[in-house]
Amino acid sequence: MDEKRIRKNLRRATFLVVLAGVLLLTAGGLVTHYLRGMLRSTVNTQMETETKEYKERLQQRIKTDFQTLYTLSSFLEFSEAMDQDAFAQGLYESNNHNDFITMTYFEKEGLGIRAILNHSVSVGVELDTLAEELQDTVRKAWEGESAISQLFHEETLDDILYVYAVPVYRDGQVIGALTASHSASSLSDILNTPTILNGEGYIHLLNRNGEFLLRSHRQVIPEALQSVFEGEYISSETRTAMQDTMRQSGSGFFSFQYQNRDYQIYLEPLEVNGWYLFCVNTTRAASGPVYQLLLVTRGTFSAILALAVFLIAYGYRQLRKNNRELIRAAYQDPLTGADNLLRFRQNLQDALTQGRTGSVVSLNLRQFKFINELFGREQADGLLRLMRRVLERNIREDEFFCRNTADSFYLFLQDTRRETLFQRLEILTEQVRHTTFSQHHDYRLQLYCGVATDTPELPREKARDILLGQAAFALAKARTMGLDQIWFYDTELHKKEILENYVATHMEQALQNQEFQLYLQPKMDLNRRELGGAEALVRWVTPDGQTLFPDQFIPFFESNGFCARLDLYMFASVCRQLREWMDAGLEPIPLSINQSKLLFYESDYVQTLQQLTEAYHIPPQLITLEILEGLALEHVEELNEKITQLQALGFRLSMDDFGSGYSSLNTLGRLKIDELKLDRGFLLEASRTGHQRQRIIMGQIVELSKKLHISTVVEGVETQENEAFIRSLGCDYGQGYYYSRPLHAKDFTRQYMDPQGR
Ligand code: C2E
Ligand code: CA
Ligand code: CA
């Protein structure tokens, strides 16, 4: 699998994990938030309802007490001339019948009567001697108000009391005040009934300043406090809000914190004396169904989330592990732990794309197969691992290498200069040679290196594959070169090798497919200034339309013997061409044909030529055989014999390329040839200014040839000056681009043989 894709998958998986986590958390959060809100509102409603119930009970209690007092007061209204003692006695008895603790009656601006439940009755009591709270209420009643006092400590009874006071009228005038007191416990009994909020709440009674009038036994904060605002349990903002509410006699919800827990408060005015009910919810109403639901939901969500996170994390880990293994398997050579070729190719592509130039080195151990057999597989594997370490030591930052197969390694080095590369590879070779392997086995390890250097000419999109191929090619070359070779890839050399390979593997087929085609180059008769003949030259037109020239394959064919067959094939082509002309009623011209020296070693050579000319009914006089000068050096006698035989049949003999190699005037004398072809090089040399001697020699050769009745042809006539020059020497024929390039036989026919197109 492709690494980029794996990484992409991993990123996607990560994204999904995070997304799923966030979604779950949000959903969980929303549900809990919703449930908590629902729970709070349920609990709040419960608190409010229950507090109001308590308020009603308290109010009821107070109302009942006032009613009792009103009844007594109206009773007093009509007992006009009652004497003090009798009145006191009446009050005492009445007191004993209700549950007031004390009762008093104070005539306006006078002394009063005070009865204490089941205790005593006193007359002539001075108001000033009694508790201030009581005095206040009495005074209010004298004003015609019904009043209820704050709680106060009654010393004689050692009890917390509160007092009701109502005015007593006679004839529409307030004549006195009747009071009755209760123990505060009668109210706190109500407050302490443990049923509020299913036993999870409690209620304090406060005055409008937030001071405790009655503090529930059940309370969160154990400290003895005078006021709810004392001890800073309630934050200052809440305090302000609460005070505002109380000033406006409103009700409301608040909260405070104690020991890291939140508590809900509900404030409800009692509408008596500015008193307030202060209800506290001590739990989150754990027993409430919504709370249960909340707990269940939250638990479920946490469980699902935990499970999901676990599963995702697990899956993710598995995926990572898998991917890591995949990546390792895909990109690593399991034996040495080095990168494999796939990875190398990717790295190389990246490097080239980033414009980092350098060289690819293909590296092999010499005789690795032998090492394998001699030292065993294990040792050989060890050697490969050792190689990896050596390579690792030798590469620099931004360079990399891989093990391909067996003992084949590829390196990318950032150098392009041959000398530097050579030095580095030599050092590397040296290090390999000094590895522990070599020291143990006394075996001289050797390396081959093939190096291909990146050049801007390489097409960028193919550069990688080209470089790898070139390095492999250079390595193959190095292998043939022997010990510790470092071979640099050479484009020209490579092209040549490719061509050679093509030529070697395709020649037979080409001959059968008639890919060898006849081209003709005119030979000008300098005296008569007309076409004096033509030379047959071969062209190999490959099936893909490429034309190969003789010097691309003739030397190779010479070396493998194929040239003899090709020449006979061309000989036949020449015969066929002459036949065609004759059949077409055209006057044939003499044709020259190149003959490999190989042919002269074939015993039936002369016979074959004879048969061919006979087969096509061609007079041999029309054919000139061009042989190379070199041939004459070796076996002059045999050659002369063959020449004589051929001449006897009517063929003309020409010595080709005279002056190109081992030119010797001697050959001229010894070989019985009919024609001498002066090599192109002759003309080239002679036409240079200052080469007077060359011109003299050429002139002498022409002279000599004339005397020996050998006609002369000068090759390579390219300019008018060339022609003028050879004409001045007295040459017979000229051949060269000045007249025409070699033409395909068809074109030649059209141009020179049959200009009218008969
Ligand atoms: P060559 O026999 O000396 O043939 C003349 C070569 O010189 C031809 O090259 C021709 O194209 C080239 N030439 C002609 N005029 C000029 C000129 O003015 N300037 C220059 N620079 N070159 C000129 P080509 O056809 O490539 O042949 C090369 C050689 O291959 C021939 O040299 C010949 O030795 C050999 N060859 C060609 N065809 C055959 C063949 O059928 N059999 C054998 N055995 N050898 C052949
Ligand atoms: Ca020739
Ligand atoms: Ca020649």
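View 1. Donors are N, O and S atoms within 2.8 Å of the metal, or 3.2 Å for Na, K and Ca; water is not among the atoms, so sites may look incomplete. The model is predicted: local features need pLDDT of at least 70 and side-chain atom pairs count only at pLDDT 80 or more, while totals for chains, interfaces and linings use all residues. Residues are numbered from 1 along each chain as its sequence is written, chains are lettered from A and ligands numbered from 1 in the order in which they are written, and side-chain values use heavy atoms, with hydrogens and water left out.

View 2. Asp656 coordinates both the calcium ion (ligand 3) and the calcium ion (ligand 2), which are 4.0 Å apart. The pair links distant parts of the chain, with Asp656 in strand β23 (residues 652-658) and Glu715 in strand β25 (residues 711-715), 59 residues apart. Helices (H or I, at least four residues) and strands (E, at least two) are DSSP runs, numbered from the N terminus. Asp656 and Glu715 are both buried; buried means under 20% relative accessible area, exposed over 50% and partly exposed in between (1.4 Å probe, protein chains only).

**View 3. An open sheet of five strands.** The antiparallel strands follow the order β9-β8-β12-β11-β10. At the edges stand β9 (212-214) and β10 (252-258), each of which pairs on one side only. Two strands pair if DSSP finds at least two bridges between them. Strand β8 (residues 201-206) is joined to the antiparallel strand β12 (residues 276-281) by six bridges, and Leu205 has Leu277 as its bridge partner in β12.

**View 4. Helix α5 and its residue Thr245.** Helix α5 (residues 236-247) lies across β8, β10, β11 (261-269) and β12, and runs at about 150° to β10. Axes are lines fitted to C-alpha atoms, for helices over the stretch in contact, and angles run from 0 to 180 degrees between N-to-C directions. Thr245 has its place in this helix and counts as buried because its relative accessibility is 14%. Beyond its neighbours within four places in sequence, Thr245 is in contact (heavy atoms within 4.5 Å) with Gly250, Ser251, Gly252, Phe254 and Tyr276.

View 5. Buried residues of helix α23 (residues 745-753) include Ala745, Phe748, Thr749 and Met753. Seen down the axis of α23, the buried residues fall within an arc of 100°, so they line one face of the helix; the arc is that of the directions from the helix axis to the C-beta atoms. Exposed Lys746 and Arg750 lie on the face turned away from the buried side of α23.
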